[in-house]
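User: I have a chain open on my screen and would like to go through it with you. Could we begin with the sheet and then move on to other parts?

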Amino acid sequence: MKRLPLLWLLLWMCALYSVGIYLFVGGFLLVRLEVNRTSTCGDVLQPGEEPADFCRVRPRFRRAVLLIVDALKIDFAWFDPDNAAPRPYENKLPVLEETVSARPANSRLYPFRADPPTTTMQRIKGFTTGSLPTFVDVGNNFASTAILEDNLIHQFGQVGKRVVFMGDDTWENLFPKKFHRSLPFPSFNVKDLHTVDNGILQHLYTTMVGDDWDVLVAHFLGVDHCGHRFGPDHPAMADKLTQMDGVIRSVIDRLQNDTLLVVMGDHGMTDTGDHGGDSQKETDAAIFLYSPSPLFSALPSQSEPDVVPQTDLVPTLALLLGVPIPYSSVGQVLLPVFPPHGQTEGAVGSLSQLEALWINAKQVNRFLETYSGMAKDIPPESLSQLKAEFSSLSSEYLATVRQGRPPSPQLAALLQAYLTSVRDTCRATWAQFNPLKMAAGLIILGLACLTCLVLSELSHVLLREDGPGLRAPVVAALVAAVCAAAVQLRARGYIELAWCLAAAALSSELLFLWRARRFGPAGVEKSGSLVAGWQRLLAPHLLVPLLRCASLLSDSYVIAEGRAVTFLVFSLALYIPIRLNWDGLLLPPNHDPLKAAGILPPPALSPSTVRKEGFTLLACLGLLVGSLYLSLSFHACREEQGSCQPSPFLSPLSRLQDSRLKNLHYVLSVFALALWTYLLRRFLRHYGNLNSASGAVFAARWVLLLLSVCLALYWAVSATPEDSFRNLAELISLAQLVLPRAAFALLGLGLSLIWLDPLTVFAKTRAAPSGRSQSLPPPRYRASTGISPQAELHHLIPQIYQRMRRSLEDEEPSRAVEADGRPAVEAYGLGTVYSAPLLLFCGLLGIGLLLLHPEGMALSFLLLLLEMGALLHIHASSTTLTVPHAACSGGFNVPWTPVVMWSLAATQFFHATGHLPTFPSIQWGAAFVGFPNGHTGTMLPASLVTLNTFASHILFSVGCPLLLFWPLVCEVRGGRTGRACGDEGEDAVMEMRLRENPQQFSSALLQLSTRYLFILGVQVFASVCAAAILRRHLMVWKVFAPKLMFEASGFLVSCVSLLIGVTLVLRVDVAVGRWFKRLIPDASR
């Protein structure tokens, strides 16, 4: 078997796809150019009449307290006295409404709108720099790096203000060595509701009463973590909000007249407690402003802003505290906190509304001029219009100041309109695409799809000794990469890796396709599977992927993808029996007297076999339809789906308040887990794979069982409320730490045993009668399916390993005569020697992935296993009915239809395990399974979240080779009445046919793998095309860009998983060869 060439071809194919994705994503994801300049008190903004604009008046407030309550959505802050039955998150912050009502000149409460992405790091960056985020920033949320742009924290330090911070340690990463004193607490453990908040409260009040600070920043995380863990509609949320109410009251009591209090949320949360997207529930937080001294010059009126953008906080705080506005800020001052023009008398050093707007406008204009000089992405017509508008406003303002006359009432409104226009222009412009990289990525991805298709159709040629190997394409790739690097170094003075990779991939693809031309006609003729004629383009196995790819251009389809893919799987599965019935293969043929008389040849399959296979196919189709229908019960909901209700099984048991419902969910989950384990062991026992003493059998007998027990116990411990069993609290905490880690250890042990010792074959030798006669029959190797006599009678598969037998028959007669008697060997489990370890590997891996999901997903994983089994049996029955002699003739090729269904099922169960191609739907809790106290780095939690998100992709990709094995596993059913294949008197030999034809085995495995990669690759290519074509579409960042990211990530995970599955098959093949050499030493000569 050609093992290394096969692996190299697959690795090369995956690398080509990866380069294409890397290039396109690098050109598509928005990266805004940062202006690394800072404002200073000595800056003179043009046009300027004053010696300085910043710091020229005495600051209105000497101190400020910033209380950031993470995820404080505006709904939490409102108070409704008429609400007699408030929900857990309603009416829990009465201090805000009481203060606003009692002291309207001192306080205000506004909705505080964030720019997406609504993740904590980006929000901190937004309300400290005043800049707008880009889509790619979301990827940095859990790998926070220092903010280099000018920001408020830097400005406070520049003017000598002492900033004391306590709370979320993200601030320490964003502003290293910027604080006078810092008390950070770990923030990533979303299950911990109290550590950060309690740590703040230990120091907050003592710090306030001291004199060792000017700006105090306290970032509370309990509300956000409570949302992630329980959701907003939970008693724990009521407790947290009540605690925050008490904190705000205590802080207000300790404030001095020269101190400003800002209480705000950085973002909101959805009804499930998540955030990261751009729905209104995620973007609308709350901001509360208060000072013991009068802060607002007028009572609340109609002119008050309905919503305060987060960026507006930056210039407002800067001017109130007497520091320069950060250089890159595009925010707009909050006018109500400044007195109207002409009413500043008595307010020491206070700026009027018009003066504040003028300084703000000059600062924004300076940034606009600097940025437009560095980057050319702002449209020239927009830039010219904004410059003309500012020139007109500055002329009017300066004329008013010089003449000493009161300004026109419209001037302030016009300045506000200008600032709004600049922000809107920047928001629309900072979609900084790189068209050249996007085009290169598209071309490489398109050629990769074509190369993969050619690879699949010429798989039997490529693994021959005289086939077009990879040596020339790899050499061409290296030469092209070196040339691209040399050209860049000479032209630019530096090397960009992306273009070296592009040159390498493109040259490699083109050379391979050119060299494959001379093998094309012969390969097509032999394989017989390439589309011949336009009429076959409408075949369902091609039409379904085509429709799916075309539909990725529709935002409605992407939003409803879960149900749409379910429908496609159902439609393609239904096509199989309809087509078989149309061809007259589903039912036994009518009695024909010519066939009975022997005039016509008898049918390949007996009527009873056809009837049995047809019944099996229809039964499995029913099981598939039932699994598809039930899987819809586990879907999550997108924000765009309106009245959709997410599955109750998506909530962890710890969120459920009804004890009966919690017990029911737990029992159902444990039942599903037990059935998963039973079905795996039942298959292995049925085919005699539990009789040997190998490591794989040990994993099947003990590791699988212990892993299931650990998982069931962990679910029970995790579902225990924190306030129950107080005497056992430490034991429960220890169990929450030990049980999942024990499960991880067992999983690693089981997978390692399967990899190191994958054979599940038990050999039993029976000595033959002594004698030296040449008439002794050759040895026969029987792969029985069980030890029990009943199983042996019913499922006995006498398997003759043809190559070994021929080698023994070809020995010299004298040698055969010298033997007293060759032993007859019964090999139990040999018929499923490849599929058994692969299926066991998938089963163990599935339980490990289930550990990272909510408990209720055990039912969905069981449906996944049943659907996999149904798809495999439908494929096997269809193969038996369609091509009963294909296996005997050496044809192991897997048709397109099962490959398409297998790939669609991976996407379908991505949705059926509660996932969506949106960032808010990511199940971050997976990062803390076994690590309740958090992590010191980001690699491990990122890996756990990736395994959770793409669990279905992993399982279907690792199990993809089962499509090759399953028709052979089920071959015994075809040989019950009439011989399915082989010589007369010989029964089916199942997977041993693959060992008899190693060249065809290699080519069939390569063809299956490349066909699977092709189907996944064209879906990625379709997503890339959708993102490129619709890059200016209204829904691009809400729908198409996240879909592209998830599709590309899922493809890369699938590539790695497919390589693992194929490598395991090759590992088993090596072990089988060694087993035969040990069993028959003569054959190894």
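User: To start, how many residues of strand E6 are buried?

Analyst: This is a predicted model. In it, six of the six residues of strand E6 (residues 259-264) are buried, and the strand is mostly covered.

User: Which way do the E6 residues point?

Analyst: Thr259, Leu261 and Val263 point one way from E6, while Leu260, Val262 and Met264 point the other way. In a regular strand, side chains alternate between the two faces of the sheet.

User: Which strands pair with E6, and in what sense?

Analyst: Strand E1 (residues 63-69) runs parallel to E6, and six bridges join the two. E7 pairs with E6 in the antiparallel sense, over four bridges.

User: What about E2, how is it joined to E7?

Analyst: Strand E2 (residues 107-113) and strand E7 (residues 284-290) run antiparallel and are joined by seven bridges. Within this pairing, Arg113 is opposite Asp284 in E7.

User: Changing topic: where is Gln332, and is it buried or exposed?

Analyst: Gln332 is in the loop between helix H11 (313-321) and helix H12 (353-374). Its relative accessibility is 7%, so Gln332 counts as buried, the cut-off for buried being under 20%.

User: What is Gln332 in contact with?

Analyst: Apart from its neighbours within four places in sequence, Gln332 is in contact with Asp312, Pro315, Thr316, Asn360, Gln416, Leu419, Thr420 and Arg423. With Thr420 there is also a polar contact of 3.2 Å between the side chains.

User: Next, the cysteines. How many disulfides does a search of the whole structure find?

Analyst: The search finds one disulfide. It joins Cys637 to Cys644, with an S to S distance of 1.9 Å. The link of Cys637 and Cys644 is left-handed, with -65° about the S-S bond.

User: How accessible are Cys644, Cys226 and Cys483?

Analyst: Cys644 has 29% relative accessibility and therefore counts as partly exposed. Cys483, at 43%, is also partly exposed, whereas Cys226, at 0%, is buried.

User: And the aromatics, how many pairs are there?

Analyst: The count comes to 29 aromatic pairs. In one of these, the ring centres of Tyr17 and Phe1051 are 4.8 Å apart and the planes stand at 65°, so the pair is edge-to-face. Tyr17 belongs to helix H1 (residues 3-28) and Phe1051 to helix H40 (residues 1036-1079), so this pair ties together parts that are 1034 residues apart in sequence.

User: How accessible are Trp755 and Phe841?

Analyst: Trp755 is partly exposed, with a relative accessible area of 29%, whereas Phe841 is buried, at 6%.

User: Which residues form an aromatic cluster?

Analyst: Phe127, Phe165, Trp171, Phe175 and Phe179 form one aromatic cluster.

User: Lastly, the chain as a whole: how many helices and strands, and what share of residues is buried?

Analyst: The chain has 40 helices and twelve strands. Of its 1085 residues, 57% are buried. Among contacts between residues at least 6 apart in sequence, 80% join residues at least 24 apart.

Conventions
Residues are numbered from 1 along each chain as its sequence is written. This is a predicted model: local features need pLDDT of at least 70, side-chain atom pairs count only at pLDDT 80 or more; totals for chains, interfaces and linings use all residues. Side-chain values use heavy atoms; hydrogens and water are left out. Two strands pair if DSSP finds at least two bridges between them. Buried means under 20% relative accessible area, exposed over 50%, partly exposed in between (1.4 Å probe, protein chains only). A polar contact is a pair of N or O atoms within 3.5 Å; within protein, one must be able to donate a hydrogen and the other to accept it, and residues adjacent in sequence count only if both atoms are side-chain atoms. Contact means heavy atoms within 4.5 Å. A disulfide is a pair of cysteine sulfur atoms within 2.5 Å. Rings of Phe, Tyr and Trp (its six-membered ring) pair if their centres lie within 6.5 Å; planes under 30 degrees apart count as stacked, over 60 as edge-to-face and the rest as tilted.
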